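Reader: I'm new to this one and would like a close look at a single part of it. Could you walk me through the place where the chains meet, with some background on each chain?

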Amino acid sequence: MIEDQAREDIAFIRRAIEEGGAYATASSPEMLVWGIMLAIGYLGTYGFVRGWSPVAPGALWAACMGLPWLFSLRRLARGLAGRGVTNRGPMAQAAAMLWLGCAIVLTTLATAAMVTGEARGGWVSAVVAGVMGFGVFASAWLVRLPWLRWVGIAWWLGELALFALRHRAEALPLAAALMLLLLAGPGYVLLARRGRQAEA
Amino acid sequence: MTDFDHAAIDEILHSRVRLAIVAFLAGAKTVDFTAVRDATKTTDGNASIHLRKLEDAGYIAMQKRFVARKPQTLYSLTERGRQALLAYVSHLETLLPAAGNKPQDPEVNR
C-alpha cells in the first residue's frame, strides 16, 4: 500500500514538473517576436500596394521572416548547447516541435507563393491563419492553458474573414491585426506572467 | 513492516498543494501568482496560504513588480526548495522495492 502511495506521489511530482516545463515553453518570447515581425510584413506590403512605401514586398518579407527565424534558431541552438531555456518533458517538447513544424510549413508555403506569384491570389494569408489556429489550439492542450484555445478559435474565424477578403488589399491590415492581437498579444501576456529573467 | 521513517517526511511538502507548487516551480522557474493558482487548481485564498508557508520555510522566493501599472507577484523556487524536493523524492524512492521501477526524472535529479 505504502509503495503504491509512493509511486503515485512520484508520478504526481513528475506531472507537476512537466506542467511547469510546458508552461515555461509556452511563455517563450517567440510568439511576441514572430507576431510583431509578421505584422510589420503585412503592414509594409499594404503600404507598398497603396503606394505609401517604396520597399518591395520580397525584400520586406525576407527580413520579416528571416529575423524571427534567426531568433528562433539561436534559441534552439542555445537549448541544444545546454544554455538558455531548455524544453522540459515530452509535452513541452511536443509543443516546441509543433511550432517548429508550423513555422517550416508557413515559411516554405509563403516563399513558394511569392516566387510563383501565387501570393497575389490572396489565399496565402487565410492558410497562414488556419495553420496558426491549428498551432495555437493544439498548444493550448499540450501546455494546459485553456484560454489559449479561444485564441486558436479566433484564428480560424480570422481565416474565414481573410478568405472572404482575399481579393482585397484590406486583407493585409486585417492579417497584421490578427498577428498582433492573436500572436504577439498572447505572447506578451504569457511573458508577463512568467517573469523577466527567464530568457536572459 | 517497512523501514519507513515518518520523522523523515518533510511536513512542508507533505501537503499536496504545496508539493504541487514546488514541483510546478521546479519546471516553470519563475511565474506569477495566477499561474501557480491555475496550475494547482486551487482558490486565491488557499494558494496564498500555501505560498506563504513555503515562503516562510525558505522554499520559494517572492518578488513584487509592476506590469502596465498593475502589481504582479512572482514566485520562484529557491535552492533550499529544490533540495527539499530532491530529498522528498529520494525519500519516496526508498519506499519502493529496490528491484522495482526506480523513477528517473531528469528534472528532479538535475
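**Where the two chains meet**

Author: Of the 200 residues in chain A, 38% count as buried, which here means that 20 or more other C-beta atoms, placed from the backbone, lie within 10 Å of a residue's own, while exposed residues have 12 or fewer and partly exposed ones fall in between. Before going on, keep in mind that this is a predicted model, where local features need pLDDT of at least 70, side-chain atom pairs count only at pLDDT 80 or more, and totals for chains, interfaces and linings use all residues. Residues are numbered from 1 along each chain as its sequence is written, and chains are lettered from A and ligands numbered from 1 in the order in which they are written.

Chain A comes to seven helices and zero strands; helices are DSSP runs of H or I with at least four residues, strands are runs of E with at least two, and both are numbered from the N terminus. Its C-alpha trace spans about 75 × 35 × 30 Å along the principal axes. Two residues are in contact if their C-beta atoms, placed from the backbone, lie within 7 Å. Among chain A contacts with a separation of 6 or more, 73% are between residues 24 or more positions apart.

Now for the meeting place itself: 23 residues of chain A are in contact with 28 residues of chain B. On the chain A side, the elements giving two or more residues are α1 (2-26) and α7 (171-194). The largest share, 16 residues, comes from α1(A). Sorted by class, that side of chain A has ten nonpolar, four polar and nine charged residues. Nonpolar covers Ala, Val, Leu, Ile, Met, Phe, Trp, Tyr, Cys and Pro, charged covers Asp, Glu, Lys and Arg, and polar covers the others, Gly among them.

Over in chain B, you'll find four helices and three strands, running α-β-α-α-β-β-α along the sequence. Of its 110 residues, 33% count as buried. For contacts in chain B with a separation of 6 or more, residues 24 or more positions apart account for 53%.

To finish, let's zoom in on one residue of chain B. B:Lys53 sits in helix α3 (residues 44-56) of that chain. B:Lys53 is partly exposed because 17 other C-beta atoms lie within 10 Å. Leaving out residues up to four places away in sequence, B:Lys53 touches B:Ile12 and B:Arg18. B:Ile12 is 41 residues from B:Lys53 along the chain, yet their C-alpha atoms are separated by 7.7 Å.
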